[in-house]
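Take a walk through this model with the sequence alongside.

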Amino acid sequence: MRIIFFYIILLFTLTASADNTKLSQKQFKKDMDAVKTSLKKGNDLEKSEKTLRKYLADSTMYNQKNLHLMLIECLRKQYESGNEKMYLKEKVDTAVIVRTAVKMFLAIEAFDSIDAKPNSKGIIDPSYRKKYAEYLIPYWGNILKGGIFFFAHSNWQEAWTSFDTYLDCYRQPVFQGQTLDTAQQNFASFLATMAAYNLSDINNMLKYADKALLYQPTREMTLQRLADMCVAKGDTTRYVNYLKAGFADFPYSGYFFPNLIDYLTKAKDYTQAMYYANMALEKDSLNATFLLARHNILMMKERYDEALDDGLALLVINDTLAIPNYNVACIYYKKAQEAMKHSGKTYKQRLKAAQAYYRMCVPYMEKYRKLMPKDIQLWRPVLYDAYLNLNMGKEFDSLPPL
């Protein structure tokens, strides 16, 4: 009895499945007839596009060439209709035309991916490619213009898609043999890179970065944006490489050199940091930024005599720089303390030597106090000892409590 019941259930299932298959085939035929009518009359094209995309989304139907060809035709008619309206100066949405053009290029590339397969003899018949390439070539420039339109309206995603489509065309087999003007390619690469930057998409940003950097009018900005993105995403290797490239081309930029030195010193790579500081000073020995960088590196390496020379040179250029004033004062203060510890001299000799250094220390630390009055914990201890050892009672009494 159970076996009979099982076969009855199976029979009903198979019958229902067959009915569903017939129904789906009937619906498919009905939909395709509607699409063909739409293409013939040139109406309901958006609806036909949705229908075709629905079937192409089904993996079992994706390789049906006729569906791809109808989609291409559907998009072509939409695009030409929009162009005609624009030519007649009728009201038309520019964004819609650009989107359609991009979709048309992508549809042809998708068709190419399934049609350009070797036949039984291992031969690919590329005859149709020439037809589509000849049709699309005049519209390549429109894809770029469309990307610029989206870029100007801060529509970063569609700007990226447009530029990516434009640049990627030349890698596609269907456009084999076509070349892109180098200047135009570099410009489009720059725009694509900036669109990806605004999307915080490091992978897409790096896709055309090399070409973008060849667009000289914006090379400095491109290097900076690439460095920004890489450090934000934790790609420190590329970050440092872009900083180095930026410093090489734009040594006076307020971005590349300071960030490069900051990264290297935080990583305690003082050798590399000193290398770039010296390289910068070879370009301009009186540049305060370069001198300050080397001065700070020397302080970190505890090469105080050399740091003192750079600090004093900095203060000749600009005596209102807080850090050199503080460092110079601290170096003299340290020398005063070391003088008091000198074992080969009498106390009187040690005190005399120390007082000489304290006298040199005081004006620089007083300058720092004036520049940074809130940093009381930095300047007060030094001035306290200096005033005490120099018997500067009035100045000593004027020191505020901690």
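Start at phenylalanine 290. This is a predicted model. Phenylalanine 290 has a relative accessibility of 2%, and the cut-off for buried is under 20%, so phenylalanine 290 counts as buried.

Now look for its partner. The structure holds 19 aromatic pairs. One of them joins phenylalanine 257 and phenylalanine 290. The ring centres lie 4.9 Å apart. The planes meet at 70°. Edge-to-face takes an angle over 60 degrees, so this pair is edge-to-face.

What does the pair tie together? Phenylalanine 257 sits in helix 13, residues 256-266. Phenylalanine 290 sits in helix 15, residues 288-300. The pair therefore links parts that are 33 residues apart in sequence. Phenylalanine 257 is buried too, with a relative accessible area of 1%.

Phe247, Tyr252, Phe257, Tyr275, Tyr276 and Phe290 form one aromatic cluster.

Buried or exposed? Asparagine 186 is at 7% relative accessibility, so it counts as buried. Set aside its neighbours within four places in sequence, and asparagine 186 is in contact with Lys211, Ala212, Leu214 and Tyr215.

Last, confidence. The mean pLDDT of the chain is 87. Of its residues, 91% reach 70 or more. Residues 1-21 have a pLDDT below 50. Beyond near neighbours in sequence, that stretch has 0 contacts in the model. Where pLDDT is low, the predicted coordinates should not be read in detail.

Technical notes:
Residues are numbered from 1 along each chain as its sequence is written. This is a predicted model: local features need pLDDT of at least 70, side-chain atom pairs count only at pLDDT 80 or more; totals for chains, interfaces and linings use all residues. Side-chain values use heavy atoms; hydrogens and water are left out. pLDDT is the predictor's confidence in each residue, from 0 to 100. Contact means heavy atoms within 4.5 Å. Buried means under 20% relative accessible area, exposed over 50%, partly exposed in between (1.4 Å probe, protein chains only). Rings of Phe, Tyr and Trp (its six-membered ring) pair if their centres lie within 6.5 Å; planes under 30 degrees apart count as stacked, over 60 as edge-to-face and the rest as tilted. Helices (H or I, at least four residues) and strands (E, at least two) are DSSP runs, numbered from the N terminus.
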